[in-house]
Amino acid sequence: GLSNTRFVVKDAQTFVARYVAEGSVEEVHLYHPQPYHDPRRAHLRLVTPRFLADAHRALRPGGLFVIQTDNPDYWSYFLQVIPVFFDFREHPGPWPDAPEGRSRREILARSRGLKIFRGEGLRRDDISREDALALAEKLPAPSFRSRGPWCDLDALEERGGG
């Protein structure tokens, strides 16, 4: 009976860039986007300046952007680029509405003692679509090198385990 919900099978980059109307989204949530540890696959990382500019465009004025990861390298990158488009703040501890976790990945990562990095931000309304695209061109790509126990967890999930 929900009239404001849609399900789409499409990669997030293409979906947000091509199919979501400007200012039509209330919230964007990203939980544990794949960091692609292999440098040959790093170009597949979702969170890029261009994706953030597209998410900014898709959100209504004052819209909410929520993100979390268990990868400290990806989180460091997020802290560099997300505040350009959103009034961003880190969220300490679990989400109040889901103290056990909002995703299977979060629950699994926490059971293995991994720290979860969470944040949320409101769309910066002082940036136009054109400004957001220009900013995205100047920001660094996510070229971090990722190492640590989360790599094993990612490999396990890619094989369908966990």
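This report walks through the sheet, the helices and a few single residues of a predicted model.

## Before you start

Residues are counted from 1 along each chain as its sequence is written, and side-chain values rest on heavy atoms, with hydrogens and water left out. Since the model is predicted, local features need pLDDT of at least 70 and side-chain atom pairs count only at pLDDT 80 or more, while totals for chains, interfaces and linings use all residues.

Helices (H or I, at least four residues) and strands (E, at least two) are DSSP runs, numbered from the N terminus.

## The sheet

Let us begin with the strands. Four of them form an open sheet in the order S1-S2-S4-S3, with mixed pairing; two strands pair if DSSP finds at least two bridges between them. S1 and S3 (86–90) are the edge strands, each with a single partner strand, so one side of each has no neighbour in the sheet. From one strand to the next, the twist averages 15 degrees.

S1 and S2 run in the parallel sense over six bridges, whereas S2 and S4 (residues 117–123) pair in the antiparallel sense, also over six bridges. On the S4 side, Thr69 has Phe117 as its bridge partner, and Phe65 stands opposite Gly121. S2 (residues 59–69) is largely enclosed by the rest of the structure, because eight of its 11 residues are buried (under 20% relative accessible area; exposed is over 50%, partly exposed in between, with a 1.4 Å probe and protein chains only).

## A closer look at Val28

Val28 sits in strand S1 (residues 25–31). With 12% relative accessibility, Val28 counts as buried. Its bridge partner in S2 is Phe65. Leaving aside residues up to four places away in sequence, Val28 touches Leu59, Leu64, Phe65 and Val66, where contact means heavy atoms within 4.5 Å. Val28 and Arg41 are 13 residues apart in sequence, and their C-alpha atoms are 24 Å apart in space.

## The helices

Among the buried ones are Phe51, Leu52 and His56.

H2 also meets helix H1 (residues 12–19): their axes come within 9 Å and cross at roughly 45 degrees. Axes are lines fitted to C-alpha atoms, for helices over the stretch in contact, and angles run from 0 to 180 degrees between N-to-C directions. H1 and H2 are therefore oblique to each other, given that angles under 35 degrees count as roughly parallel, over 145 as roughly antiparallel, 65 to 115 as roughly perpendicular and the rest as oblique. On the H1 side, the contact involves Ala12, Gln13, Val16 and Ala17, and on the H2 side Phe51, Asp54, Ala55, Arg57 and Ala58.

## Two residues in a loop

The loop between S1 and H2 holds His32 and Tyr36. His32 has a positive phi of about 60 degrees although it is not a glycine, and Tyr36, also a residue other than glycine, has a positive phi near 45 degrees. His32 counts as buried at 13% relative accessibility, and Tyr36 is buried too, with a relative accessible area of 18%.
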